Amino acid sequence: MSYSNYPSAAPQDNPPAAPKNSNRGLIYGLLIAALLGTWGYIIWDKSKTKEVTTQLQAQLSTSDSSKGAIQTEYNSALQRLDELTSMNASMDSLVKTKDSEIGNMKKRIQTLLNKQNKTAADLAEAKRLINELNEKISGFVVEVETLRGENLQLKTDKQELTVQKEALQVQYDQTSAEKKVVEEKLDVASTLNASNINIVTIDERKNGKEKEKDVAKRVDKIRLSFNVFNRVGEEGTTKDVYVVITDPTGQVVSNEALGSGRFTTREEGERVFTKMSTLTFAAGKTTPVSIEWKPGAKFVEGAYKVEIYNNGFKIGEGSKTLRKGGLFS
């Protein structure tokens, strides 16, 4: 019958449903692939972020380490400078002369090291400045050592000069002592020698004539004559000769108005002299000397002592006795 073939037509419509299942699987696959890719990216990105963070931390650690190393180097330079200036006065003086330059350098280094957001360039500049500071310190040390060497040489030279000076002083003292002895000997040797001493008492007449008298009331003046001689001395040398006349009472006859005064002897100290005469002396030649004393008053009877001095020494003496005299004397 014709109805027996109709139901078999329905199964022929079922096969088109298969493409729907296939498309859904593809979509699921794509979604899963996209999800896996997203997770992969997230995982990669997280890993990359961690790597960057690690690098930044490493850089920061390196920066801090560099800063600490530079700070340590800077502190070491400062300590070295302080030790040199505290231990050596010359170094301290040298540093003070360049204090402004060093101060500016230290201030700049400290500013760079104290910056909150310091860069590699900041640290490099600080490093350069610290190296420059160390170079200056080394230069200071060289200069100080040079000064020490110079001071040591000066000290050695001074010691040698001191020794030489002491030796020269000893030699000078010896020479001076010898010279003094020689001068003293020459001085003593230059003392005049007096000879042919003659004492005359004179009566001056109204007519100007003179007559030798030994009666006290007739005598107006005393004349002393003698010769001097010495081989020591230069031509034309002047010599002072002092005459001391002592009267019968033991008193030195003197009158400042007539030229009397005081002089120093080598053995008796200071004495009063009656009359002084300056004469020109020629070495090796005999020089006659004549000295008069006229007091303006009559003499008294008795012995008059006459002493002659030169160069502090007594070179001669004599005496003259005047008598009382009679009515017609």
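**Figure 1. Overall view of the predicted model.** From the N terminus on, the elements of the protein follow the order α-α-α-α-β-β-β-β-β-β-β-β-β-β. The protein thus presented holds 4 helices and 10 strands; helices (H or I, at least four residues) and strands (E, at least two) are DSSP runs, numbered from the N terminus. This is a predicted model, in which local features need pLDDT of at least 70 and side-chain atom pairs count only at pLDDT 80 or more, while totals for chains, interfaces and linings use all residues. Residues are numbered from 1 along each chain as its sequence is written, and side-chain values use heavy atoms, with hydrogens and water left out. Of the 329 residues in the protein, 25% are buried, where buried denotes under 20% relative accessible area, exposed over 50%, and partly exposed in between (1.4 Å probe, protein chains only). The protein exposes about 22400 Å², and carbon and sulfur atoms supply 54% of this area; accessible areas come from the Shrake-Rupley method with a 1.4 Å probe, and for residues only the protein chains shown count as cover. Among contacts between residues at least 6 apart in sequence, 68% join residues at least 24 apart, a contact being heavy atoms within 4.5 Å.

**Figure 2. The open sheet of 4 strands.** The strands of this sheet stand in the order β7-β4-β9-β10, with antiparallel pairing. Because β7 and β10 are at the edges, each with a single partner strand, one side of each is left without a neighbour in the sheet. On average, neighbouring strands of this sheet are turned by 20° against each other, direction ignored; the axes are lines fitted to C-alpha atoms, for helices over the stretch in contact, and angles run from 0 to 180 degrees between N-to-C directions. Two strands pair if DSSP finds at least two bridges between them.

**Figure 3. Strand β4 and its partners.** Strand β4 (residues 237-246) is joined to β9 by 6 bridges, and these strands run antiparallel. With strand β7 (residues 275-281), β4 pairs in the antiparallel sense over 7 bridges. Y242 stands opposite M276 in β7. Towards β9, V243 has I308 as its bridge partner, and T246 has K305. Strand β4 is mostly covered, with 7 of its 10 residues buried.

Figure 4. Strand β9 (residues 302-310) is mostly covered, 7 of its 9 residues being buried. Between β9 and strand β10 (residues 313-322), which run antiparallel, there are 9 bridges. I308 is found opposite G316 in β10. The hairpin has 2 residues between the strands, and N311 takes a positive phi near 60°.

**Figure 5. The surroundings of D203.** D203 lies in strand β1 (residues 193-204). With a relative accessible area of 10%, D203 is buried. The side chains of D203 and R205 are joined by a polar contact of 3.2 Å; such a contact is a pair of N or O atoms within 3.5 Å, and within protein one must be able to donate a hydrogen and the other to accept it, while residues adjacent in sequence count only if both atoms are side-chain atoms. Not counting residues up to four places away in sequence, D203 touches K209, E210, K211, K213, R218 and D220.
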